[in-house]
Amino acid sequence: MDRTELYKRIILFSRSNYTDMEFESNYSLIKNTSESKAWSSKLPQGLDLEVSHHPITMRHIANLIIAMERLKGGEGVTMGTEFKDKDLLNFLLESAVEEHIVLELESAPPTSRREAGFSSTSQYECSVTDSENKCWVLMSEAMELHAMMLQGGSGYHKVHLNLSTYVTPVPIETKARPVALGIKGSNLYLSCSKSGGRPTLHLEEVANKEQLKSISQQSDMVRFLFYRRNTGVDISTLESAGFRNWFISTDMQQDNTKPVDMCQKAAPNRLTTFTIQRHN
């Protein structure tokens with residue numbers, strides 16, 4: 001089969017997929033434009049280039065041109081009579097798929113990959129006591145939490161917290177859950193940041209709580225997150241997400257002058273396990 005005959009079969013093959021009415025209505029012949037003249041000079045004698053203004057037909061014409069150009073580049077390739085319509089169809093489909101993939105890759109925005117982070121999923125009210133049954137109490141003037149033994153009618157001093165739970169696209173911890181701890185009825189949240197060369201626990205006011213709904217792993221807002229790891233029924237440790245191996249802790253002594261703070265797990269005279277009691 002010579003090159004001219006092959007081109008004719010390409011055109012006839014495309015036309016055979018439409019009715020005569022569809023083909024005539026979707027194709028408009030443009031013979032006198034600079035584009036058609038440029039392409040006509042590359043085609044064998046006796047063939048003209050038909051350009052369509054219909055978006056679907058333009059795709060078919062583009063595929064035909066791609067096939068022609070590739071065939072023209074295959075000098076020295078001999079095609080025998082075994083080159084059938086099925087082979088031609090496979091060739092055209094292969095060309096269409098390749099061009100589609102290239103266009104998608106070129107048009108994909110560089111920031112299409114979502115950055116991993118923490119997303120808030122739920123929130124509930126709770127209170128916290130340490131392993132010596134001391135409750136967290138807010139010292140408003142000092143902006144600190146202290147652990148105290150509360151008896152009789154003094155239970156109303158116990159701090160109630162809003163505990164928000166988080167998930168990550170790719171779980172970082174299999175046995176720990178990211179949480180944020182806010183003082184109920186206020187904009188105060190527990191945070192962990194460095195002070196005096198070591199991680200310390202702080203109470204920070206968050207004016208816009210929407211900032212805490214989604215937190216990037218690279219963001220400074222990670223200071224508000226702690227990994228809650230359960231060590232028993234309702235018994236947990238609270239490890240800083242920003243400073244690993246540093247835990248929220250209370251003083252082992254009954255003296256209530258020392259605030260709730262951060263420590264490493266093996267620190268002496270510090271309690272790092274808490275009962276977190278849910279209230280709703």
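Me: Which two strands form the hairpin with glycine 196 in the turn?
Reply: E6 and E7 form that hairpin, with two residues between them. Glycine 196 has a positive phi of about 65°. Strands (E, at least two residues) and helices (H or I, at least four) are DSSP runs, numbered from the N terminus.

Me: What kind of model is this, and how are residues numbered?
Reply: This is a predicted model: local features need pLDDT of at least 70, side-chain atom pairs count only at pLDDT 80 or more, and totals for chains, interfaces and linings use all residues. Residues are numbered from 1 along each chain as its sequence is written, and side-chain values use heavy atoms, with hydrogens and water left out.

Me: Where does serine 193 lie?
Reply: In strand E6, residues 188-195. The bridge partner of serine 193 in E7 is threonine 200.

Me: Is serine 193 buried, partly exposed or exposed?
Reply: Partly exposed, with a relative accessible area of 23%. The cut-offs: buried is under 20% relative accessible area, exposed is over 50%, and partly exposed is in between (1.4 Å probe, protein chains only).

Me: What is serine 193 in contact with, leaving aside neighbours within four places in sequence?
Reply: Arg198, Pro199, Thr200, His202 and Phe243. Contact means heavy atoms within 4.5 Å. Phenylalanine 243 is 50 residues from serine 193 along the chain, yet their C-alpha atoms are separated by 8.2 Å.

Me: Which side chain does the side chain of serine 193 make a polar contact with?
Reply: That of histidine 202, at 3.4 Å. A polar contact is a pair of N or O atoms within 3.5 Å; within protein, one must be able to donate a hydrogen and the other to accept it, and residues adjacent in sequence count only if both atoms are side-chain atoms.

Me: New topic. How many salt bridges?
Reply: The count comes to 10. A salt bridge here is a side-chain nitrogen of Lys or Arg within 4 Å of a carboxyl oxygen of Asp or Glu.

Me: Which residue does lysine 184 form a salt bridge with?
Reply: Glutamate 125, with the closest N and O atoms 2.9 Å apart. Lysine 184 lies in the loop between E5 (176-183) and E6, and glutamate 125 in E1 (residues 117-130), so the pair ties together parts 59 residues apart in sequence. Lysine 184 is partly exposed at 44%. Glutamate 125 is buried at 14%.

Me: What about aspartate 130?
Reply: The side chain of aspartate 130 meets that of lysine 134 in a salt bridge, 2.8 Å from N to O. Aspartate 130 is buried at 3%. Lysine 134 is buried at 1%.

Me: And which partner does aspartate 251 have?
Reply: Arginine 270, with the closest N and O atoms 3.8 Å apart. Aspartate 251 lies in E11 (residues 246-251) and arginine 270 in E13 (residues 270-271), so this pair ties together parts 19 residues apart in sequence. Aspartate 251 is buried at 7%, and arginine 270 is buried at 17%.

Me: Aspartate 261, then. Where does it lie?
Reply: In strand E12, residues 261-264. Aspartate 261 counts as buried at 18%. A polar atom of its side chain lies 3.1 Å from the backbone nitrogen of leucine 201. Beyond four places in sequence, the contacts of aspartate 261 include Arg198, Thr200 and Arg270.

Me: Zoom out. How many helices and strands does the chain have?
Reply: Five helices and 14 strands. Of the 280 residues, 37% count as buried. Among contacts between residues at least 6 apart in sequence, 57% join residues at least 24 apart.

Note on methods
Two strands pair if DSSP finds at least two bridges between them.
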